[in-house]
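Student: Hi! I've just opened this one and I'm new to it. Can we go through it together?
Tutor: Happy to. Here it is, and ask whatever you like.

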Amino acid sequence: MNTPCASESVRYLPLDRCSDDALIEMREIVKTFKTADTEFTALKGVTACFYEGEFVSIVGKSGSGKSTLVNMLTGIDHPTAGSVRVGETLIHKLSENDMSRWRGRNLGIVFQFFQLMPTLTLLENVMLPMALCGSCKPVQREKRALELLDLVGLHDLADKLPAAVSGGQQQSAAIARALANDPPIIFADEPTGNLDSRSADEVFAIFDGLVEQRKTILMVTHDSSLARRTHRTLLLSDGELIHPWVANSFPELNHNHMLWLTHHLQERTIAPGTALIDESRPALGLCLVVDGHLETAPNGHPGSHNGSLWLCPGDHFSSLDLPDISILRAGSQRPAALLVLERAQLDIWLQEEPSLREQLRTSSAIHPMPVPQEAV
Ligand code: ADP
Ligand code: MG
């Protein structure tokens with residue numbers, strides 16, 4: 001049967017668990033920085049999963065915990081609580097020595113300020129990690145480094161010192177260096193933060209090419225236009241992840257409100273063809289479709305709504321837009337997965353934050369859609 005939804009099965013990634021095929025899994029990561037008289041928790045129980053071949057961006061305001069998160073994943077710093085698995089390795093359990101050996105072979109790291117050795121040529125900078133890891137035979141190192149510099153468009157500048165080339169070229173060299181030991185995973189913390197937009201585009205194009213070769217790339221960025229060009233984006237706020245469906249579907253809300261929804265939305269599955277309303281449960285206040293679709297039930301309160309409704313993944317509505325949800329059912333072919341907020345909770349939230357009423361309506365999906373012929 002036709003459906004007006006562009007896709008009904010966008011991969012739904014629950015926030016609190018990873019599927020078995022995750023390449024990187026961080027579970028309930030807490031990071032507390034302690035000084036003599038203060039304590040600050042920069043990450044408050046973050047669970048996140050990353051899959052092979054993904055290009056993921058991590059965004060959030062300054063101080064939201066992005067670098068701390070990356071430092072947990074790279075083993076540059078240790079979590080106060082929680083676990084980090086990369087492939088088969090539990091990296092929060094590695095000793096300092098094992099960690100640097102493991103990191104050298106498995107991760108490429110790109111920093112905002114390039115961090116090339118100023119007294120070494122670009123070629124020597126790229127060869128350095130090979131020497132440190134003993135990853136390829138000494139006679140092959142120069143050839144491999146030149147190939148990597150070629151890959152990032154710097155073959156002709158191999159003999160230059162970092163100071164003799166542009167910022168964008170230094171960052172490209174830093175990417176070539178990160179690739180020296182052919183790691184499957186690349187972390188980049190604000191890699192374009194110090195570059196003009198043309199150089200940023202060039203760096204991004206290199207990452208795109210690496211993703212095509214099945215590398216997994218995690219990139220922290222301030223640049224929302226670059227973030228939109230990655231496969232998916234994680235949004236951090238005050239040391240917590242905002243649910244990606246909330247971030248995508250309620251773009252007009254501020255981060256505090258997005259976090260509130262993240263904490264309060266509950267998963268619910270509606271069996272194929274059955275009604276959304278369920279007398280045994282509390283009344284629904286807010287509803288976000290994340291898989292399958294909702295449509296108007298043919299026998300649902302005729303005349304209660306003028307047009308037919310068809311709600312696809314990413315669409316949301318509330319009791320403000322549709323007082324009578326009994327007209328809705330899950331599509332007949334597959335279950336509809338929803339994130340829902342009870343009516344009583346929504347009412348209390350709106351009482352506390354009256355301005356939300358208008359904001360929630362701005363992006364609401366309730367507007368009649370044409371129904372395909374077969375479904376009529
Ligand atoms: P972002 O990269 O998103 O700008 P960070 O991860 O660097 O944020 O920092 C998150 C919070 O943790 C900030 O408030 C920062 O001041 C604090 N923080 C980071 N590192 C330390 C540290 N070593 N000691 C104390 N506080 C820290
Ligand atoms: Mg940072």
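Student: Where is Phe114?
Tutor: Phe114 sits in the loop between β6 and α3. Keep in mind that this is a predicted model.

Student: Is Phe114 buried or exposed?
Tutor: Phe114 is buried, because its relative accessible area is 8%, under the 20% cut-off.

Student: And what about the backbone there, what is phi of Phe114?
Tutor: Phi of Phe114 is near 60 degrees, a positive value in a residue that is not glycine. Arg214 also has a positive phi, near 75 degrees, and is a residue other than glycine too. You'll find Arg214 in the loop between α6 (197-212) and β8 (216-220).

Student: Okay, zooming out. How many helices and strands does the protein have?
Tutor: There are eleven helices and 17 strands. The protein has 376 residues, and 49% of them count as buried. Along the principal axes, the C-alpha atoms fill a box of roughly 80 × 55 × 35 Å.

Student: Let's talk charges. How many salt bridges does the structure hold?
Tutor: It holds 14 salt bridges. One of them joins the side chains of Asp77 and Lys31, at 3.3 Å from N to O. Asp77 is in the loop between α1 (66-74) and β4 (81-86) and Lys31 is in strand β1 (residues 24-34), so this pair ties together parts that are 46 residues apart in sequence.

Student: Are those two buried or exposed?
Tutor: They fall into separate classes. Lys31 is buried, with a relative accessible area of 9%. Asp77 is partly exposed, because its value is 24%, which lies between the 20% and 50% cut-offs.

Student: Which residue does Glu54 meet in a salt bridge?
Tutor: The side chain of Glu54 meets that of Arg232, at 2.6 Å from N to O. This pair links distant parts of the chain: Glu54 is in the loop between β2 (39-50) and β3 (55-60), while Arg232 is in strand β9 (residues 232-237), 178 residues apart. Glu54 and Arg232 are both buried.

Student: What does Asp291 pair with?
Tutor: Asp291 forms a salt bridge with Arg334, side chain to side chain, at 2.8 Å from N to O. Here Asp291 belongs to strand β12 (residues 284-291) and Arg334 to the loop between β16 (328-330) and β17 (336-342), 43 residues apart. Asp291 is buried at 18% relative accessible area, whereas Arg334 is partly exposed at 28%.

Student: Which residues are linked in a network of salt bridges?
Tutor: Glu25, Arg27 and Arg85 are linked that way.

Student: New topic: how many aromatic pairs are there?
Tutor: Three. One is the stacked pair of Trp260 and Trp349, with 4.1 Å centre to centre and 10 degrees between the planes. Trp260 lies in helix α9 (residues 255-264) and Trp349 in helix α10 (residues 343-352), so the pair ties together parts that are 89 residues apart in sequence. Trp349 counts as buried, at 2% relative accessibility. There is also an aromatic cluster made of Phe55, Phe204 and Phe207.

Student: Now pockets. How much space lies in the second largest pocket?
Tutor: About 470 Å³. Its lining has 18 residues, and Arg103, Gly104, Leu107, Pro129 and Leu132 lie nearest its centre. The elements that give two or more residues to this lining are α2 (96-106), β6 (107-110), α3 and α5 (167-178).

Student: Which element gives the largest share of that lining?
Tutor: That is α3, with five residues. Leu132 is found in this helix, which spans residues 122-133.

Student: Is Leu132 buried or exposed?
Tutor: Leu132 is exposed, because its relative accessible area is 71%, over the 50% cut-off. Together with Met117 and Leu128, Leu132 forms a nonpolar patch on the surface, with about 290 Å² of accessible area in total.

Student: One last thing: where is Ser62?
Tutor: Ser62 is in the loop between β3 and α1, and Ser62 is exposed, with a relative accessible area of 67%. Ser62 and Ala48 are 14 residues apart in sequence, and their C-alpha atoms are 20 Å apart in space.

Terms used
Residues are numbered from 1 along each chain as its sequence is written. Chains are lettered from A and ligands numbered from 1 in the order in which they are written. This is a predicted model: local features need pLDDT of at least 70, side-chain atom pairs count only at pLDDT 80 or more; totals for chains, interfaces and linings use all residues. Side-chain values use heavy atoms; hydrogens and water are left out. Patches are made of residues with over 30% relative accessible area and no salt bridge: like charges are joined within 9 Å, nonpolar side chains (Val, Leu, Ile, Met, Phe, Trp, Tyr) within 5 Å. Accessible areas come from the Shrake-Rupley method with a 1.4 Å probe; for residues, only the protein chains shown count as cover. A salt bridge is a side-chain nitrogen of Lys or Arg within 4 Å of a carboxyl oxygen of Asp or Glu. Helices (H or I, at least four residues) and strands (E, at least two) are DSSP runs, numbered from the N terminus. Buried means under 20% relative accessible area, exposed over 50%, partly exposed in between (1.4 Å probe, protein chains only). Rings of Phe, Tyr and Trp (its six-membered ring) pair if their centres lie within 6.5 Å; planes under 30 degrees apart count as stacked, over 60 as edge-to-face and the rest as tilted. On a 1 Å grid over the protein atoms alone, a cavity is a set of points where a 1.4 Å probe fits but cannot get out, and a pocket is an open set with protein on both sides within 12 Å along at least five of seven lines; lining residues have an atom within 4 Å of a point. Grid points are joined across faces, edges and corners, and a volume is the space filled by probe spheres set on the points.
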